[in-house]
Amino acid sequence: MTTPDRPAQHHAHGEAVRDHSGGHTVSWAMAAQATAHCLTGCAIGEVLGMVIGTALGLHELATIALAVALAFVFGYALTMRGVLRAGLPFKAALGVALAADTVSIAVMEILDNGVMLIVPGAMEAGLASPLFWGALAFALLVAFLLTTPINKWMIGRGKGHAVVHQYHH
């Protein structure tokens, strides 16, 4: 029940509470959950792009471009899958995915590809190398840790992953 003394609960995850200024107080758990959701699609595309680029012997920049493109495709697709299931038409679902994930995916891609580039030998290590996989896992962890506060800030302002919450059941 919402009263002046008792703020409205955000029912999508039960954690965000509307404050007196109209914004949301967002828990770190909610921000981490949104970031993990985004990172899942992002990581699928990132790993696939790195594997394809490395297997084909593509130049570092071509491999990164492929990984980034696939990260956006899979990140958006994962979000769209849920909102399409909620009954949105394709065009509306695409709009929700773009609004929900673009900033988060972009930040993650800058971070994880930056890490891959600065770890000596990671991009040249090859698919059989623990260095390649260790650097990629570390890069995704860094992306998660540094993107979570950004997502927390955005969700608190009704942006980013907050636009998807109304379609979660």
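**View 1. Thr63 in its setting within helix H2.** Thr63 has its place in helix H2; helices (H or I, at least four residues) and strands (E, at least two) are DSSP runs, numbered from the N terminus. The model is predicted, so local features need pLDDT of at least 70 and side-chain atom pairs count only at pLDDT 80 or more, while totals for chains, interfaces and linings use all residues. Residues are numbered from 1 along each chain as its sequence is written, and side-chain values use heavy atoms, with hydrogens and water left out. With a relative accessible area of 2%, Thr63 is buried, where buried means under 20% relative accessible area, exposed over 50% and partly exposed in between (1.4 Å probe, protein chains only). Residues up to four places away in sequence not counted, Thr63 touches Gly49, Met50, Gly53, Thr54, Leu58 and Met123; contact means heavy atoms within 4.5 Å.

**View 2. Met50 and the residues around it.** Met50 is found in helix H1 and is buried, its relative accessible area being 0%. Its contacts, again without residues up to four places away in sequence, include Thr63, Ile64, Ala67, Asn113 and Met116. Met123, Leu127, Phe132 and Leu136 are also among the residues that Met50 touches. Between Met50 and Phe132 there are 82 residues of sequence separation, yet their C-alpha atoms are 9.4 Å apart in space.

View 3. The 28 residues of H1 should span 40 Å at 1.5 Å a residue, and the end C-alpha atoms are 38 Å apart, which agrees; the expected span is 1.5 Å times one less than the number of residues. H1 is followed by Gly57, which has a positive phi near 70 degrees. The axes of H1 (residues 28–55) and H4 (residues 130–156) come within 8 Å and cross at roughly 145 degrees. Axes are lines fitted to C-alpha atoms, for helices over the stretch in contact, and angles run from 0 to 180 degrees between N-to-C directions. The crossing of H1 and H4 is right-handed; a crossing is left-handed if the near helix is turned anticlockwise from the far one by less than a right angle, and right-handed if clockwise. The contact of H1 with H4 has 18 nonpolar, five polar and two charged residues. Ala, Val, Leu, Ile, Met, Phe, Trp, Tyr, Cys and Pro count as nonpolar, Asp, Glu, Lys and Arg as charged, and the others, Gly among them, as polar.

View 4. Helix H2 (residues 60–85) and helix H3 (residues 90–118) have axes that come within 8 Å and cross at roughly 145 degrees. This crossing of H2 and H3 is right-handed, and the residues of the contact comprise 19 nonpolar, four polar and three charged. The axes of H3 and H4 likewise come within 8 Å, crossing at roughly 145 degrees. H3 passes H4 in a right-handed crossing, with 17 nonpolar, three polar and one charged residue in the contact.

**View 5. His161 in the segment after H4.** His161 lies in the segment after H4 and is buried, with a relative accessible area of 5%. His161 and Thr79 are 82 residues apart in sequence, and 9.4 Å separates them in space, C-alpha to C-alpha.
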